[in-house]
Amino acid sequence: MRTGHSPGYLHLRAPGTSLVLDCAGSRLPRVLHWGDDLGDVEHTALAELATASAARQMSNTLDLPVPLSLLPEHSAGWLGTPGLTGHRDGADFSTAFTVRSIRTVRTPDLPQAHQLTVDAVDEHARLQLVLEIELTAAGLVRQRATVTNRDTGERPFVLDGLLLALPVPSHATELLDLTGRHARERSPQRHEFTLGTHLRENRRGRTGTDATLLHLAGEPGFGFRTGEVWAVHVAWSGNHRTLAERTPAGVSLLGAGETLLGGEVRLAGGESYTSPWIVGSYGHGLDELAGRFHQQLRARTRHPRRPRPVTLNTWEAVYFRHDLGRLSALADAAAEVGAERFVLDDGWFKGRRHDRAGLGDWYVDESVWPGGLGPLVDHVRSLGMEFGLWVEPEMVSPDSDLARAHPEWILATGDRLPPESRQQQVLDLGHAQAYDHVLERLDALVGEYAIDYLKWDHNRDLVEAGHSPTGAAGVHVQTAATYRLLDELRARHPGLEIESCSSGGGRIDLAILERTDRVWASDCIDALERQQIQRWTGLLLPPELLGAHVGSPVAHTTGRAHTLDFRAGTALFGHFGIEWDLTAADAGERARLAEWVAAYKELRPLLHSGTVVHGDHPDPALWVHGVVAADRSRALYALVQTATSVTSPAGPVRLPGLDADARYRIRPHRPGDRAEGPHRSDPLWWERADGVELTGRLLAVTGVRAPTLHPERLVLVEASRLGPAPAPAPAPAQRRT
Ligand code: DGJ
């Protein structure tokens with residue numbers, strides 16, 4: 001690595017994207033360009049770009065042009081949402097940081113400087129600011145800020161908020177964000193990027209079932225394959241906000257940060273606050289934008305690399321009806337269809353006969369498990385499966401020995417307890433003894449049973465989450481303590497895998513994913529709902545991190561009935577599992593499920609390493625998605641009929657992402673090859689044993705006719721390249737500089 005100082009203008013590049021920063025002068029850096037790769041640009045041209053794009057004055061505004069810095073400052077004339085808010089006894093409410101140094105770091109694989117650290121100070125407010133900005137090899141812009149109180153006196157600096165911003169161009173006129181609720185997470189909403197602020201603020205004390213994983217702005221009508229699009233994400237599992245802001249001065253930006261509760265961060269002299277990482281992505285279409293997150297996650301040292309095991313989760317199979325005989329029989333049936341991991345869900349610990357008691361008492365309930373969990377664990381292992389266990393460490397039931405012994409360990413403020421949710425309260429991990437107690441219990445359980453996997457749940461929002469005895473707001477501390485707890489447990493048990501579950505998909509973000517191995521995307525395993533939930537959760541996560549289960553024939557959360565093929569073909573595109581009482585399934589269902597399990601095992605190397613693509617089909621009832629191998633030798637697509645189409649048959653479906661010049665054989669893939677449409681009017685190629693042979697270009701541009709499908713059915717289509725890969729097209733000169 002090499003380091004340098006005072007770079008003036010910086011052009012950071014990764015494949016397909018550029019970030020140009022104006023670091024000239026003493027004010028905080030400004031973004032001159034974030035988006036498409038600009039190619040080689042001379043340093044002098046960057047200075048010209050700065051001149052060309054400099055803000056201009058409007059009538060009846062300040063006498064100086066107002067720049068937008070990464071941390072927007074009121075002192076520079078910025079009248080939109082400020083970057084840093086806070087005060088010292090009411091003073092120092094506005095900052096004017098002066099840059100003291102900028103350190104850039106270069107790495108051999110991306111020779112252009114791609115990390116910088118900006119050290120700035122406001123001598124009057126006695127604050128120091130360190131900004132870290134990076135363009136990763138995957139093309140993500142990561143930034144965070146650390147603010148330090150340099151006052152030697154008595155008065156703390158009360159930090160009310162810290163927001164980092166990235167400008168987007170004026171042709172990004174459409175916004176997309178996600179919302180939802182328990183069992184209906186990740187519903188997209190699209191609207192015009194109008195003047196003003198579109199704010200998504202989350203005060204749930206967890207990431208949230210309604211959280212927008214990304215706040216996106218793009219060209220009008222952008223889709224998965226077309227249109228430029230930009231997005232930001234907050235890597236934080238507590239309160240947070242993202243916003244899209246457009247000002248009358250013609251500035252458009254995406255901003256994000258942690259939401260701080262009143263008095264939550266009070267910095268005494270010498271103390272610091274570090275913001276979460278704010279992560280931005282850019283792409284031509286949502287697939288490219290999402291692909292950068294997938295690539296970044298897959299590059300983690302702890303990214304799960306061994307095949308994702310077929311998982312049997314007991315929740316919807318038995319709920320709280322725990323006994324050794326029933327669960328052993330379920331394990332037998334699971335092993336018979338090919339399951340590789342057996343996860344014992346809620347209901348195993350002391351007093352937990354229903355969801356109104358027991359949380360916090362993390363001891364095996366001997367009235368239900370007289371011999372402990374050992375006999376079940378041994379049985380599961382004898383069948384060749386791993387053993388997993390459900391826990392909800394941050395929670396406490398008022399009806400528990402723990403709450404009776406330590407009422408002061410419940411997060412609360414004033415002279416009252418927060419309203420209960422699922423009859424439970426939140427354990428205050430800000431109490432060292434409460435933290436130690438939970439760590440000791442988890443450590444002991446994982447050690448005693450050599451547990452391979454924890455399903456780590458978190459089933460309520462935090463309300464009035466105050467730390468006793470002061471009652472001060474405790475969400476920030478709680479979030480950081482949860483991270484420490486996870487980190488410590490993983491350090492003690494290096495092979496342990498952990499799933500992030502929070503009433504289903506309530507804790508999905510890049511910070512929790514630094515310490516977990518998959519998420520439970522939703523409590524809803526109705527395959528139709530899952531098509532949507534998985535599609536939009538996939539904006540952030542690659543399929544191997546996304547828990548997806550085959551449920552019972554009638555979905556418990558919606559009452560909808562679906563064929564096994566639709567349920568399994570939906571779960572196939574995640575980390576595949578089963579959540580169904582297989583002891584009640586008939587032999588035919590089990591045999592068919594075993595076929596799907598076998599298909600998943602054969603396909604998972606492709607599905608869990610390839611590039612996720614979507615077809616942007618014009619018929620809203622026909623969804624096309626798939627995964628293309630990294631070397632584009634093979635791909636698997638699902639053609640999903642979500643409802644009846646207005647036209648029948650629907651127009652041809654385009655299969656994107658393949659090598660344009662290579663020839664591919666296109667065939668139905670078993671067991672997802674049963675069209676079962678209303679008229680059996682399958683296209684000719686579908687009926688032929690050797691399918692059809694087309695180039696990647698033809699498949700992406702003209703496509704193939706889909707078989708006629710009943711609503712809520714799907715089929716699988718495989719593309720396999722014929723012959724060797726075509727010679728790569730000559731690389732454009734110096735893609736990276
Ligand atoms: C909520 C989870 O999302 C479910 O899968 C299940 O684990 C229940 N909690 C258990 O209480």
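**Close-up views of a predicted model**

The largest cavity has a volume of about 210 Å³. This is a predicted model, in which local features need pLDDT of at least 70 and side-chain atom pairs count only at pLDDT 80 or more, while totals for chains, interfaces and linings use all residues. Residues are numbered from 1 along each chain as its sequence is written, and side-chain values use heavy atoms, with hydrogens and water left out.

View 1. Rolling a probe the size of a water molecule over the atoms shows where empty space is left. Here a cavity is a set of points, on a 1 Å grid over the protein atoms alone, where a 1.4 Å probe fits but cannot get out, and lining residues have an atom within 4 Å of a point. The points are joined across faces, edges and corners, and a volume is the space filled by probe spheres set on them. The structure holds eight cavities of 30 Å³ or more. The lining of the largest cavity is made by 15 residues, and Gln534, Arg535, Phe573, His614 and His625 lie nearest its centre. Two or more lining residues come from each of α9 (527–537), β33 (611–614) and β34 (622–628), with β34 giving the most, four residues. Such helices (H or I, at least four residues) and strands (E, at least two) are DSSP runs, numbered from the N terminus.

View 2. Aspartate 428 is placed in the loop between β25 (425–426) and α7 (432–449). This residue is buried yet has no salt bridge, and the nearest side chain of opposite charge, arginine 484, is 9.0 Å away. Buried means under 20% relative accessible area, exposed over 50%, and partly exposed in between (1.4 Å probe, protein chains only). A salt bridge is a side-chain nitrogen of Lys or Arg within 4 Å of a carboxyl oxygen of Asp or Glu; for charge, Lys and Arg count as positive and Asp and Glu as negative, whereas His and the chain ends are not counted. The side chain of aspartate 428 does make a polar contact of 2.6 Å with the side chain of histidine 467. A polar contact is a pair of N or O atoms within 3.5 Å; within protein, one must be able to donate a hydrogen and the other to accept it, and residues adjacent in sequence count only if both atoms are side-chain atoms.

**View 3. Two cis peptide bonds.** Most residues other than glycine have a negative phi, and most peptide bonds are trans. A cis peptide bond joins serine 468 and proline 469, with omega about 5 degrees, and proline 469 lies in the loop between β27 (466–467) and β28 (472–473). Another cis bond joins arginine 670 and proline 671, with omega about -5 degrees.

**View 4. Two arginines with positive phi.** Arginine 126, in the loop between β7 (115–122) and β8 (127–135), has a phi near 55 degrees, and this arginine counts as partly exposed because its relative accessibility is 24%. Arginine 186, found in strand β12 (residues 184–192), has a positive phi of about 65 degrees and is buried, with a relative accessible area of 0%.

**View 5. Histidine 215 in a strand.** Histidine 215 lies in strand β14 (residues 215–218) and counts as buried, at 0% relative accessibility. Its side chain is joined to that of threonine 242 by a polar contact of 2.8 Å.

Methods. On a 1 Å grid over the protein atoms alone, a cavity is a set of points where a 1.4 Å probe fits but cannot get out, and a pocket is an open set with protein on both sides within 12 Å along at least five of seven lines; lining residues have an atom within 4 Å of a point.
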